[in-house]
Amino acid sequence: MIVALAVLLAIAVGSCMQRVSGMGVGLISGPILSLILGPVEGIMVLNILACLNAGATTVAVRKNVVWSQFALIGSVMILGSVPAAFLIAAMDTAPLLILVGVALLIALAVVTFGKNLVPPVTGRAPALTAGVVGGFTNTLAGIAGPVFTVYFSAAKWSQAHYAATMQPLFMLGGAISFLVKALVGAAAITSINWMVWPAGLIGMFIGISVGGLIADKIDQAAARKFSLIVAAAGAAAAVIRGWTSL
């Protein structure tokens, strides 16, 4: 029951922040679910719930989605997902927990300090690169958001368009990550406590509902900063737990 409540809260906060700022479920919920359920099952749950959450959010922001860019980036995400799934299957729990935490910390550092240092980009190659790298990080740690944020910032997209376009990419990425991991035997859905699913769905409903109410009333920069702080704390905790478990 405690695990289910923790999942509900983690998904609710992440979904709310995603509705407000465009990112949140992977950043906030990912490290928490990894700590609660383990790095394999936790990210598997995150992939599925993030897919559903992004699908619901896509409906709300569909007018701002640039579908041609979604198709271009999404077409190559599987190329990054497959090697990530084999890496997960080959690693023990403690090193994998460390890897997930470190990957998230690096992603947070890049999106916080590095996105303004990336030179402007144009053309298909940067978009395709973002798709492959996003597929890898999403399958490994449930965090494609920082990769896409850096790309869209370098491509000089408006906040409204890139926050919206990331939603169907999250939906596709979550589906691909789940299917690839299941096919290569990196994770099994049957090993996850059934109470996690209703808890996650309820948390997602609460988060999206609250986020929809406050999206126009809260400063997006402040919401993003909050998401990054919570994500950094969760990632650091994952690294520490993995290190002490070695």
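Visitor: Which residues form one aromatic cluster here?

Guide: This is a predicted model, and in it Tyr151, Phe152, Trp157 and Tyr162 make up one aromatic cluster.

Visitor: How do I read a pair of aromatic rings?

Guide: You look at two things: how far apart the ring centres are, and the angle between the ring planes. Take Phe148 and Phe170, with centres 6.4 Å apart and planes at 35°, which is a tilted pair. That pair links distant parts of the chain, with Phe148 in helix H8 (residues 145-154) and Phe170 in helix H9 (residues 159-184), 22 residues apart.

Visitor: Are Phe148 and Phe170 buried or exposed?

Guide: Both Phe148 and Phe170 are buried.

Visitor: What about the rings of Phe152 and Tyr162?

Guide: Their centres lie 5.9 Å apart and their planes meet at 15°, so this pair is stacked. Here too distant parts of the chain are linked: Phe152 belongs to helix H8 and Tyr162 to helix H9, 10 residues apart. Phe152 has 0% relative accessibility, so it counts as buried. Tyr162, at 5% relative accessibility, also counts as buried.

Visitor: How many aromatic pairs does a search of the whole structure find?

Guide: The search turns up five aromatic pairs.

Visitor: H9 keeps coming up. What should its 26 residues span?

Guide: Counting 1.5 Å a residue, H9 should span 38 Å. The C-alpha atoms at its ends are 36 Å apart, which agrees.

Visitor: And which residue takes a positive phi just after H9?

Guide: That's Gly185, with a phi of about 75°.

Methods:
Residues numbered from 1 in each chain as written. Predicted model: local features only at pLDDT ≥ 70, side-chain atom pairs only at ≥ 80, totals over all residues. Heavy atoms only, no water. Phe/Tyr/Trp six-rings, centres within 6.5 Å; stacked < 30°, edge-to-face > 60°. Helix = DSSP H or I, 4+ residues; strand = E, 2+ residues; numbered from the N terminus. Buried < 20%, exposed > 50% of the residue type's maximum accessible area, 1.4 Å probe, protein only. Expected span 1.5 Å × (residues − 1).
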